[in-house]
Structure formats: structure tokens, C-alpha cells
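This briefing sets out selected packing features of a structure. Its points are grouped by topic for reading alongside the sequence and the coordinates.

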Amino acid sequence: MSDATLNSVTQAPDDFAVQIADQIKTFIVAVTEVSKVEEPEQAVPVLLLQVSQLLLAGGRLGAYEDIVPDERYEPDLGAEPDADGLRERFATLLEPIDVYSEVFDPYEPRKAPVPARISDDLADLVTDLRHGLAHYEENRITEALWWWQFSYFSNWGSTASATLRALQSLIAHIRLNQPLQDLDGLDTDSETVDDELAEEAGRVMAEEIAGPLGLRPVQ
């Protein structure tokens, strides 16, 4: 197994940082490009792969020793790029399958599932990762690693995990020829029942995604 896939607390921090930064840059570039495609079937498999790869970087950060920044206070990065355009493109691209159900913390008993959106998740991931990348590109390597590790535990790790679960479930429904169940009006913006959302999700999976992948449409 190569050094790129192993994680060791004895690994030189600079080498480790280069590997993590490369994975994060690849994710940001790939997701940005995927947001520009026109059909969901072009996006979903690539997103599944890219989020999986990102979580490998996250796992390595999580297993790494605690990283302590060089300075007590985080340096000001100035204005950060806006991810709203990315969010809107994915919301349009994935509209019928954007909303999914997620348990926020599996270790809190009897917590009800909450609605989430893949488009929101992807925009949040890019925002978090860009923040650390800005430190990295200013040669504040320890600060970048600290931010990526801290935000992995506090935000983007759970977000990426939830997104991966949704994408994996979506692909599984397609490959196993199983239509989506009724979403019972699940939405992040309102509590109104929207039966058309579930119906449209099943139609898109059968006609737009399953077909181009060479799978038998759901009857």
C-alpha cells in the first residue's frame, strides 16, 4: 500500500499536508465541473466517487494526531468565495432527487430524521474546504491542517458522510431496480405535503438515470 493511502502520525507534516491538499483540490475542481453538466445521470456516479475520495482524506485527518495551529487566533482571510452559484446549479440539476432524510447524530437516541439537500451539502463542503485551502496557499500549512481537521470533526465530515449515504442509496435504488418510496412531503423549506416530489424522483431515476446506465426501467 502506498504512502498516499496510509496514515501515520510519524509521517512528515509537510508530506501529509501536500497529500490532503491535493485530495481537497481535486474534490473542489471535480465538483465544480460536475455542477455544470446537464443531466443527473452524468453527475451522480461522479459525485459518489468524489465524496468517497474526500472522506478518505477526512478519515486520515481524523486518525492523525491533534494538530495545533501556530497562532492563537486564526489569521484573517478576507472575503471568501461565494458558493451560492454552485448550490443553485446542483439544486436545479438534482431537483427531483435533491432532498433526502438524514439522522443527524446516530448516538443520540430517538432522534427523528431530518431533511437535507445534496445541493446544500456540496456547497457547504466546498466552502469549508476552500477556507483551509486559502491558508494552505498562503503557506500557513499548520493552520490549514488544523482547520481541515477541526472542521472535519465539527461540520464537513458529517456532511460528507450524509451526502455519501444519500448518493449510495440513490445508486443502489437504480442498480437494484427499486423505486424510491414515498417521501411524505419531506422538504427542507416547508412542512407541506408534496406527493409530486416522490413521483418525480421515481420517474427521473427510471427514465433519466437508469436508462443511460443501461439498466431496465422500473415498471
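Ser-35 touches Leu-86, Arg-89 and Phe-90, leaving out residues up to four places away in sequence. The model is a predicted one, and every value below is computed from it. Ser-35 itself belongs to the loop that joins helix H1 (13-34) to helix H2 (40-63).

- Ser-35 has a relative accessible area of 3%; the limit for a buried residue is under 20%, so Ser-35 is buried.
- Gln-23 is found in helix H1.
- With a relative accessible area of 18%, Gln-23 is also under the 20% limit and therefore counts as buried.
- Apart from neighbours within four places in sequence, Gln-23 is in contact with Gln-53, Leu-56, Ala-57 and Arg-60.

**Helix H3 against helix H4**

- Packing of two helices is described by the angle between their axes and the distance between the axes.
- For helix H3 (residues 84-93) and H4, the axes come within 8 Å and cross at roughly 155 degrees.
- Because angles over 145 degrees count as roughly antiparallel, H3 is roughly antiparallel to H4.
- The crossing of H3 with H4 is right-handed.
- On the H3 side, the contact is made by Leu-86, Arg-87, Phe-90 and Ala-91.
- On the H4 side, Ser-119, Asp-120, Leu-122, Ala-123, Asp-124 and Val-126 take part in the contact.
- Sorted by class, the contact of H3 with H4 comprises six nonpolar residues, one polar residue and three charged residues.
- Leu-86 and Phe-90 of H3, which belong to this contact, are also among the residues touched by Ser-35.

**Helix H4 against helix H5**

- The axes of helix H4 (residues 118-137) and H5 come within 9 Å, with a crossing angle of roughly 165 degrees.
- This angle is over the 145-degree limit, and H4 and H5 are therefore roughly antiparallel to each other.
- H4 and H5 cross in a left-handed sense.
- The contact of H4 with H5 has 14 nonpolar residues, together with seven polar and three charged ones.

- Seven aromatic pairs are present in the structure.
- In the pair of Trp-147 and Phe-150, the ring centres are 6.1 Å apart and the planes stand at 50 degrees.
- Planes under 30 degrees apart count as stacked and those over 60 as edge-to-face, so the pair of Trp-147 and Phe-150 is tilted.
- Both Trp-147 and Phe-150 lie in helix H5 (residues 141-175), three residues apart, which is about one turn of the helix.
- Trp-147 is buried, at 14% relative accessibility.
- Phe-150, by contrast, has a relative accessible area of 41% and is partly exposed.
- Trp-146, Trp-147 and Phe-150 form one aromatic cluster.
- Phe-150 and Asp-66 are 84 residues apart along the chain, and their C-alpha atoms are separated by 9.0 Å.

Notes. Residues are numbered from 1 along each chain as its sequence is written. This is a predicted model: local features need pLDDT of at least 70, side-chain atom pairs count only at pLDDT 80 or more; totals for chains, interfaces and linings use all residues. Side-chain values use heavy atoms; hydrogens and water are left out. Helices (H or I, at least four residues) and strands (E, at least two) are DSSP runs, numbered from the N terminus. Buried means under 20% relative accessible area, exposed over 50%, partly exposed in between (1.4 Å probe, protein chains only). Contact means heavy atoms within 4.5 Å. Rings of Phe, Tyr and Trp (its six-membered ring) pair if their centres lie within 6.5 Å; planes under 30 degrees apart count as stacked, over 60 as edge-to-face and the rest as tilted. Axes are lines fitted to C-alpha atoms, for helices over the stretch in contact, and angles run from 0 to 180 degrees between N-to-C directions. Angles under 35 degrees count as roughly parallel, over 145 as roughly antiparallel, 65 to 115 as roughly perpendicular and the rest as oblique. A crossing is left-handed if the near helix is turned anticlockwise from the far one by less than a right angle, and right-handed if clockwise. Ala, Val, Leu, Ile, Met, Phe, Trp, Tyr, Cys and Pro count as nonpolar, Asp, Glu, Lys and Arg as charged, and the others, Gly among them, as polar.
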